[in-house]
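Work through the exercises below with the sequence and the model at hand. Each task is followed by a solution in steps.

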Amino acid sequence: MSEKQVKKPTFDKQGQTMSGAQAVVASLEAEGVDTVFGYPGGQAIKIYDALYDSDQINHVLARHEQGAVHEADGYARATGRVGVAIVTSGPGATNTVTGIATAYMDSVPLVVITGQVPRGVIGTDSFQESDIVGITMPVVKHSFLLQSTDELTRTFREAFHIASTGRPGPVLIDVPSDLASEEMLFVYPDSVSIPSYKPTYKGNAKQIRAAMKAIMEAKRPVLYVGGGVISSGATDEVVELADYMQIPVVTTLMGKGAFPASNPLDLGPVGMHGAKYSNLAMTESDLIVAIGARFSDRVTGKVSEFAPAARVIHIDIDPAEIGKIRDAEIPIVGDAKGVVSALVSNLKKAEAKPQTAQWLEKLQAWQERFPFYHPHVVEGEEAGTIVPELVMTSLSEQLDPEKSIVVTEVGQHQMWASQFIDREVPRSFLSSGGLGTMGFGFPAAIGAAIGEPEKTVVCVAGDGSFQMNSQEMATASINRVPVKVLIMDNRCLGMVHQWQKLFYHERYSSTLLDACPDFVKLADAYGWRARRVEDPAEVDDAIAEMLSSVDPYLLDVVISRDQNVYPMVAPGKALDDVMGAIDVAVGAVRTDMPNAKEPKSPCSKIDAQFGGRWEIDPEDVKERLDVAQAVAQGDALSAAEVLRAQTSANTTWSAREE
Amino acid sequence: MKHVLSVLVENKPGVLSRVTGLISRRGFNIESLSVGPTEDPTMSRVTAIVKADEVAYEQITKQLHKLISVYKISDLTDEGAIERELVLFKVNAQPERRNEIIEIANVFRAKIVDVGRSSLTIEATGDESKLKGMEDLFRAYGIKEIIRTGKIAMSRNSKEQ
């Protein structure tokens, strides 16, 4: 399967008469597609029949259409090629929606082909009919409902072109099944011309000169690097710019890997769970050079207080991103690679000299003062439990950064992974950044492992996220995809649990998952290797065992429920209003910790932020007060008891607690 | 403020919902809308009136530009463009007051298109202020029904390439 070579577009089917379904497959072959992910069904059966004859295309059968789209997405993110998924009409098509929306938010090139009922019955509520073009309209870059075989090849050519150029994104092609059986002449167009679609690649020279001047004048500049740098392949240029002008670099979640962690100028992640020093760097800077980043609310915090003194150079291929959240003094629409390389050559021509020594010194001091982790800071309760930060560090150290891909699900583990796993090259850290899709990571890891068979692919998951698409374990087993899954198992929905702890007075409404299922047995059922670890001393060894496995491997790492991700900027707060950052200047403790046990209404803070949308239900005040009182008396056990009485009892968890 | 958006789009099924869906998705109400094919049958012209401040308006037009089906967007708000709308008024008109109403219609160069026992139907075209003026006058007699086509607009002279 994985040995199959990527063929150059073959046009040996050019000029042949064939069915529409065969033309769909021939079009994919002409686009050089080697792998598609999908799930057949009534209206896709003709396409699948044609696929049966293809030597070039390997079809990976998923176990759920959502899994298929995430797999295609992971394949696309890891390889940079267009990911392709094929599904049937109706429920098959609607199951792709989350996958498509995920790809749209993170600008991933996908072509999703959906079977549709025959043209004659469209609009009659026929069996397995859904208006998938209508349903997906807000989350696709473009979509087509094929109306005739005459436009079939041109549509495929345009779909791949639109998906992969400009700001990449998902494109959907809906293929009525009567077209699939119609005879047609296969002529695949060489070129594509869409008059209404002409992305701007080349940056405006005048603006680039203005940017050069601003960089030369800046005393406290920051490069703010996002996923656009990876899409554009602009890493070398960004590194050159940073090195030449000695500008520190912060990365977004999507930008992780776009700048090597080993570069001394790297400040790592920024934003809600970014380092305090990165957030301070943004806040204090006098110039932000945003490259392929979009000032997401998870990065900026409260926009009105974000980087108040900074001028902004915003480089993006999508003009709609510029000025959307933060005004840009110097907007540059264009492809990051070309723009940054022009910027560097302008700076060199002007013989610009870096003048950031003082700034870097200050940042260095902050970095030493506010580390991500300090051994004296023990979270949660008793010692002897596994510390998630150290699990991530161990994984990071054991992975070869050039030959591995880390994929994450969504939640606390995702933030720990972004904080503690060092990445050196682009396309080596894949995560659902924009939509925050739980259930994305594991299938995406399968897709990445199929696209990059030479690399070790590890999915860092939570016990909640993993269960959202765990059926794909079958896909990995059957296709012998040696994907590794490391579950940070806290038996709860950690991130929501953390918010409930911090902002909702420890009312753990529906976030306690309990130790169910037994992941080791689940893995066994799918023919995976697996191991469960509870002892901190076993972690390094278990990770080594996982990484050396030639089979798919699941490592269930048991961590405490009370672990929180810090530092954290509360939603709606200014970026430098960081809570829980470690400060070694005051003796290696977490500072500015929120007081969760305030006697006042747990919702009042949230009310203040969101304009009173979160009101208290007078009916449940009593129950909450019982828990609060128990907690205030330091009686965690009886608090747990009250809680347990409120949730359905689960023996496994109760037994462990007692 | 109000913006008159003139959007040149591909004349294909579903394009109108792409355009209007995007505008409403970004939180704006379309006050008036009209669509029709242009001199080139493969293209249609959508004229939409949208209320938005400058920043929001810029964001809408940028997002519209990203739609593959959109060729061109012109803002005809500040251009002194030619704006027209066709309105049908059905006005209460007892026989003894018919002449007054017909006179008003004549002043505005509107046409009487139907006469009933106790009502008149008047067809009027014009810009917003003219139609508003007529509406105010007819209101004194009692308006039974108003139907509008939605505004269309065209730039003057050679402003449009």
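**Exercise 1.** Find the bridge partner of A:Val87 in E5(A), and describe how the two strands pair.

Solution. Step 1: the bridge partner of A:Val87 in E5(A) is A:Thr114. Step 2: strand E4 of chain A covers residues 83-87 and is joined to E5(A) by 5 bridges. The two strands run parallel. Strands here are DSSP runs of E with at least two residues, helices are runs of H or I with at least four, and both are numbered from the N terminus. Two strands count as paired if DSSP finds at least two bridges between them. Step 3: E5(A) also pairs in the parallel sense with strand E7 (residues 170-176) of chain A, over 7 bridges. There, A:Val112 has A:Leu172 as its bridge partner in E7(A).

This is a predicted model, in which local features need pLDDT of at least 70 and side-chain atom pairs count only at pLDDT 80 or more, while totals for chains, interfaces and linings use all residues. Residues are numbered from 1 along each chain as its sequence is written, and chains are lettered from A and ligands numbered from 1 in the order in which they are written.

**Exercise 2.** State the strand order of the open sheet of 4 strands in chain B, and name the edge strands.

Solution. Step 1: the order is E2-E3-E1-E4, with antiparallel pairing. Step 2: the edge strands are E2 (30-37) and E4 (70-75) of chain B, each pairing on one side only. Step 3: the twist from one strand to the next averages 15 degrees. Angles run from 0 to 180 degrees between N-to-C directions, and axes are lines fitted to C-alpha atoms, for helices over the stretch in contact. Step 4: E2(B) pairs with strand E3 (residues 43-51) of chain B over 7 bridges, and B:Val35 has B:Val46 as its bridge partner in E3(B). Step 5: helix H2 (residues 54-66) of chain B lies across E1 (2-10), E3 and E4 of chain B, at about 160 degrees to E4(B).

**Exercise 3.** Which elements of chain B give two or more residues to the side that touches chain A?

Solution. Step 1: two residues are in contact if their C-beta atoms, placed from the backbone, lie within 7 Å. The contact takes 15 residues from chain B and 13 residues from chain A. Step 2: the elements asked for are helix H1 (15-25), H2 and E4 of chain B. Step 3: H2(B) gives the most, with 5 residues.
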